[in-house]
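Thanks for asking me to look this one over. Here are my notes, point by point, to read with the model open beside you.

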Amino acid sequence: MAFQVPKLHPNALVAISFLMLLVFAPACGSSSTTSSTAGSTDSLSGSLTVSAASSLQGAFTDIKAAFRKLHPDVNVTINFAASSTLAQQIIAGAPVDVFAAADEATMNKVTDAKLLSGTPTLFAANSLEIIVRKGNPSKIASLSDLSKSGLIYVTCAPEVPIGKYSAQVLQKAGVTITPASFEPDVKGIVAKVSAGEADAGIVYSTDIRATKRAADGVAIPANLNVIAKYPIAAIFKSGNNTAAEAWIAFVTGTAGQSILKSYGFTSP
Amino acid sequence: MTRLRIGRNRSAGLQRPPAAILAIAAIAIAFFALPFIGLLWRVPWGDAWSLLTTPSSLTALRLSIETSLWATALSIVFGVPLAWVLARYGFPGRRIVRALCLLSLVLPPVVGGVALFAAYGRRGLLGDSLFDWFGMRLPFSTAGVVLAQTFIAMPFLVLTVEAALRGLDRRTEDAARTLGASRWYAFRRVTLPAIRPALIAGAVMAWARALGEFGATITFAGNFPGRTQTMPLSVYLALESNPGQALVLSVVMIAISFGVLLSLRDQWLGGSSTSGGSR
């Protein structure tokens, strides 16, 4: 007698569980299918972290807004800094999904570290220009004017792409200058010239356009100029590879390219 | 306080905090210790000496020591009188002046650098006059580094000295005055010796802060080896090109700061209890 009661309990439990399964399982199934169909208007979701070269700040901010209209469930965060800094962060394990660099050499560092999920795609090109104070009070007309005595010229360290490019340009033009400062990134050059504390620097054409006339530009002839090509790539360890690929497709697509053009970039 | 409680306990020295508190405190200690242990672990010790003695490291080290000592000297010269005025001299709006003088303590240093531009930059309030009168340009110069460091570091000294002055028993000064000492003499021979521990502690803290200054320096003085590239700037820039060198320089800065804090503890505790207590 005493044994029969506990024997009944497990059976009853199994029966109840079975009944519950019968009743609730279809409901669970249907609810999960409805939720997936509801989300299928846009299959992309989650967060997307993009590390982009400082010079892309304006264009990528607009691209982010346009991208969000297409994929409202993707939470995009963009980290703007010198490409070299970003590469170093990615190599150190920063959780980044997409990397857009201002030069191929910097991208190669990440490629060499075997951190890319594919091969980099070139998506934009940028030429160099001399940035001068608003109204050009130092009357700079050419690269050779940069070596005028008393002129405060600022640049970046050669590790930063813009520092390397401007050194190449000056070398081609045969101009030697002692800079007043090696700024950590191109924003530092733009900030110091826009503030009027430095007289000139060499930056990307797009940077001068982005100051909205707080500083002026002086063109560098094509034979002395350096064209910077911008590669973009998805990071291998990305937690959101589909969104990363969608971002790259958007940037290289017509919508992205027209935004980039409006900021002064040319096609690579 | 602690001593009293120990006295009540049966066995002295066994006043142990509850296990939960010990465990949480241990996590906190690990939280602070781990980054430094990790850093020490990453340092390429084999090349440490050669990385440290490269001309670029030595230049940054020398510049950092020079500028931070200048900034400390300026902080003492201007900070002690400022602390004295703030502690002793009641004038309308003292609280506002006090907050203003300590603002750079809590401000992001980059904002401090921008503000320095607005005052001493070429297009700042005083920039043109400084150049016309003295032929001096502060941005992008070593003097600019000292200025930025002083701006950020002096509040540390002012706070410390002001607290000591407030805690000082003024009767000794009054006694000196009634015995015929001039204000200046009483300040020099009575007040100053009494606040000396606090002054030393404040100066050391200001010096350590000046040594570590980054944001205001890179904003206002830029970055040029031998002229404005101090150790923190050098570490930041070497991170990209030469991580090993950045790590070695970081260890040097940590060693200096650690040494300062170790020495400061005795100074500070001894100083505050003697000058702050009733004598």
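1. A definition to begin with: two strands pair if DSSP finds at least two bridges between them. Helices (H or I, at least four residues) and strands (E, at least two) are DSSP runs, numbered from the N terminus. Please keep in mind that this is a predicted model, where local features need pLDDT of at least 70 and side-chain atom pairs count only at pLDDT 80 or more, while totals for chains, interfaces and linings use all residues. Residues are numbered from 1 along each chain as its sequence is written, and chains are lettered from A, with ligands numbered from 1, in the order in which they are written.

2. Let me start with a sheet in chain A. Three strands form an open, antiparallel sheet in the order S8-S5-S9. Strands S8 (200–204) and S9 (215–219) of chain A are at the edges with a single partner strand each, so one side of each has no neighbour in the sheet. From one strand to the next, the twist averages 40° (angles run from 0 to 180 degrees between N-to-C directions, and axes are lines fitted to C-alpha atoms, for helices over the stretch in contact).

3. Strand S5 (residues 128–133) of chain A runs antiparallel to S9(A), and 5 bridges join the two. Within that pairing, A:Arg133 has A:Ala215 as its bridge partner in S9(A). Helix H5 (residues 161–173) of chain A packs on the sheet and touches S5 and S8 of chain A, its direction making about 115° with that of S8(A). Helix H6 (residues 186–194) of chain A lies across S5, S8 and S9 of chain A, at about 135° to S8(A).

4. How is chain A divided into domains? Domain 1 covers 46–125 + 230–262, and domain 2 covers 128–219; the bounds come from an automatic or database domain assignment. Taken over C-alpha atoms, the centres of the two domains of chain A are separated by 26 Å. In the contact between them, 10 residues of domain 1 of chain A meet 11 residues of domain 2 of chain A (contact: C-beta atoms, placed from the backbone, within 7 Å). The domain 1 side of chain A has 3 nonpolar, 6 polar and 1 charged residues; here Ala, Val, Leu, Ile, Met, Phe, Trp, Tyr, Cys and Pro count as nonpolar, Asp, Glu, Lys and Arg as charged, and the others, Gly among them, as polar.

5. Is A:Ala100 buried or exposed? A:Ala100 is buried because 28 other C-beta atoms lie within 10 Å (buried: 20 or more such atoms within 10 Å; exposed: 12 or fewer; partly exposed: in between; C-beta atoms placed from the backbone). Leaving out residues up to four places away in sequence, A:Ala100 touches A:Val50, A:Ala52, A:Ala53, A:Leu56, A:Tyr230 and A:Ile232. The C-alpha atoms of A:Ala100 and A:Ile248 are separated by 9.2 Å, with the two residues 148 residues apart along the chain.

6. Chain B has 14 helices and 0 strands. Of the 279 residues in chain B, 35% are buried. Helices H9 (residues 171–178) and H10 (residues 183–194) of chain B pack at about 145°, with axes 10 Å apart. Their contact has 3 nonpolar, 2 polar and 2 charged residues.

7. Finally, the contact between the chains takes 16 residues from chain A and 16 residues from chain B. On the chain A side, helix H3 (83–91) and strand S7 (181–183) of chain A are the elements giving two or more residues. That side divides into 8 nonpolar, 5 polar and 3 charged residues.

Methods:
Two residues are in contact if their C-beta atoms, placed from the backbone, lie within 7 Å.
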